Amino acid sequence: ASFAAFGPTVAKGHTNARTGTARPVALSFDVFERSLWDQIHFITHAPILKDIDRITRNKDWRQAYIEAFGQQAYDEIRPTLKYYARPASEKPDAFDGFLDKNRQLATLFVLGHNVKSFVRQFGGAMQAMPDLGAGWLVRGFGRVGLAPLESFRAIKEMSPYIADRDKGYDREMREALRKYKATFKVKVGDRLYTANDVHEFTMSLISIGDRMCTFPIWQGAYMKATEKLGMNQADAIAFANNLIQKTQASATPLDLTRWQRDGAGWKRLFTMFMSEAFKKGSRMRYWYGAYRAGKINIGEYAQHVGMEILAPAIVMTTLFSLFSSGEPPDKEDLALAVFNELIGPYPMINQILNAAQYNKSVGSSPAFAGLDAAIHAGEGFAGIFSAPDDSKAWARFFKSAVDVAAFTAGIGNVRRIYETAAEGWEDMQLEDSANPFRLLFRASK
């Protein structure tokens with residue numbers, strides 16, 4: 001096979017005559033901008049990737065790679081290079097479009113203003129610790145913590161990769177913030193606000209959490225590269241960037257799995273919020289292969305297993321339990337957390353935990369959050385129609401209607417936020433709890 005399969009030029013979608021297909025003209029004002037971006041992307045990437053493709057097809061290189069990482073990993077190289085050179089842009093059908101839009105809205109609904117997801121961002125520090133070392137990790141957090149704004153600016157100037165992470169560390173978040181158009185405009189003072197500004201604000205807490213974790217890790221890696229390894233600035237920046245790419249979730253094409261890159265709506269539906277899980281699975285396979293090949297001993301392999309699976313499960317479960325109830329978690333919660341870490345990288349299978357812990361369907365997906373709310377609103381309306389004086393029916397209807405409105409507007413699950421704060425305030429007023437975090441975390445059931 002030759003690189004000619006990548007095509008001599010970027011695909012064109014301007015007119016029926018140029019494409020030679022029955023696809024209708026894309027009625028969008030940004031079609032020229034998208035076409036220009038595609039062509040620039042192809043021109044700048046294809047020649048380099050063509051050379052990489054030639055290297056990977058070399059007999060000696062291929063054999064060495066397969067021995068180190070396996071045939072399956074080798075088979076993924078060419079499709080990944082092809083996608084990176086010219087990402088596929090097939091026209092989705094109506095159902096794919098429906099799923100795609102609901103996935104984007106679900107991202108805003110599930111992650112928007114989500115304090116629990118904000119705290120989870122710091123789990124990335126544990127994933128970086130085996131490669132970076134606890135001492136350098138602490139030094140990185142210390143340096144950034146002493147001068148956060150100055151450190152953020154300096155790191156962004158040195159590393160364009162880090163500067164571009166705000167909308168790129170998770171596939172769902174990237175697409176939710178990139179694809180939305182300005183559906184309304186409101187002028188406040190001298191500034192014009194659009195739907196994009198609302199959605200940026202909805203996801204701001206998650207973005208802040210990523211910065212607060214990623215920047216110190218990058219700083220620690222940079223300090224290790226310059227002070228311990230004796231690297232120059234360019235090599236140290238590359239070293240720090242590579243560590244972030246290896247240990248933290250990313251939505252670049254090379255970091256996405258084939259399931260995530262696939263345009264099929266149903267595949268993308270069941271891989272929502274799994275960028276970090278897939279990355280973890282890749283690291284675990286890498287270290288297991290290294291152990292099998294005798295490159296690391298059993299102690300080193302156990303260290304990676306502990307930091308990838310046991311530490312995040314125990315630390316995060318304990319934190320959330322202390323935040324919500326002020327008490328440590330029980331053994332069942334810890335066991336379920338470890339189980340979730342083990343099956344997290346497997347699409348659909350990872351939803352078994354929902355069935356075990358929350359009695360939910362194994363095939364459930366966050367993308368159905370809006371549809372579930374709409375169904376519940378319909379059920380509530382039917383209850384009101386059959387029993388107009390039933391206060392519980394009215395309550396169910398209004399709760400679901402609020403969820404539908406919040407989901408559609410992309411402003412996060414505001415009902416969950418309000419109810420959590422109200423329950424926490426009531427507990428504190430009744431002296432059932434003196435834990436101020438109850439305003440942000442619901443009590444354990």
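Visitor: Which side chain does a polar contact of 3.5 Å join to that of R283?

Guide: The model under discussion is predicted. R283 is found in helix 18, and the residues that R283 touches include Q127, K246 and T247. The side chain joined to that of R283 by a polar contact of 3.5 Å is that of Q127.

Visitor: What length has the polar contact that joins the side chains of R283 and E308?

Guide: E308 is among the residues that R283 touches, as are Q248 and E276. The side chains of R283 and E308 are joined by a polar contact, and its length is 2.6 Å.

Visitor: Is R283 buried or exposed?

Guide: A residue counts as buried under 20% relative accessible area. The relative accessible area of R283 is 4%, so R283 is buried.

Visitor: Is R292 buried or exposed?

Guide: R292 lies in helix 18. The cut-off for an exposed residue is a relative accessible area over 50%. R292 has a relative accessible area of 61%, and therefore R292 is exposed.

Visitor: What distance separates the C-alpha atoms of R292 and A68?

Guide: Along the chain, R292 and A68 are 224 residues apart. In the model, the separation of their C-alpha atoms is 9.9 Å.

Visitor: How is helix 15 oriented relative to helix 18?

Guide: Helix 15 spans residues 233–247 and helix 18 spans residues 275–292; their axes come within 8 Å and cross at roughly 100°. Angles of 65 to 115 degrees count as roughly perpendicular. Helix 15 is therefore, relative to helix 18, roughly perpendicular.

Visitor: How many nonpolar residues has the contact of helix 10 with helix 14?

Guide: From helix 10, F152, I155, K156 and M158 take part, and they meet R211, F215, W218, Q219 and Y222 in helix 14. By class, this contact has two charged residues and one polar residue, while the number of nonpolar residues is six.

How values were computed:
Residues are numbered from 1 along each chain as its sequence is written. This is a predicted model: local features need pLDDT of at least 70, side-chain atom pairs count only at pLDDT 80 or more; totals for chains, interfaces and linings use all residues. Side-chain values use heavy atoms; hydrogens and water are left out. Axes are lines fitted to C-alpha atoms, for helices over the stretch in contact, and angles run from 0 to 180 degrees between N-to-C directions. Helices (H or I, at least four residues) and strands (E, at least two) are DSSP runs, numbered from the N terminus. Angles under 35 degrees count as roughly parallel, over 145 as roughly antiparallel, 65 to 115 as roughly perpendicular and the rest as oblique. Contact means heavy atoms within 4.5 Å. Ala, Val, Leu, Ile, Met, Phe, Trp, Tyr, Cys and Pro count as nonpolar, Asp, Glu, Lys and Arg as charged, and the others, Gly among them, as polar. Buried means under 20% relative accessible area, exposed over 50%, partly exposed in between (1.4 Å probe, protein chains only). A polar contact is a pair of N or O atoms within 3.5 Å; within protein, one must be able to donate a hydrogen and the other to accept it, and residues adjacent in sequence count only if both atoms are side-chain atoms. Lists of a residue's contacts leave out its neighbours within four places in sequence.
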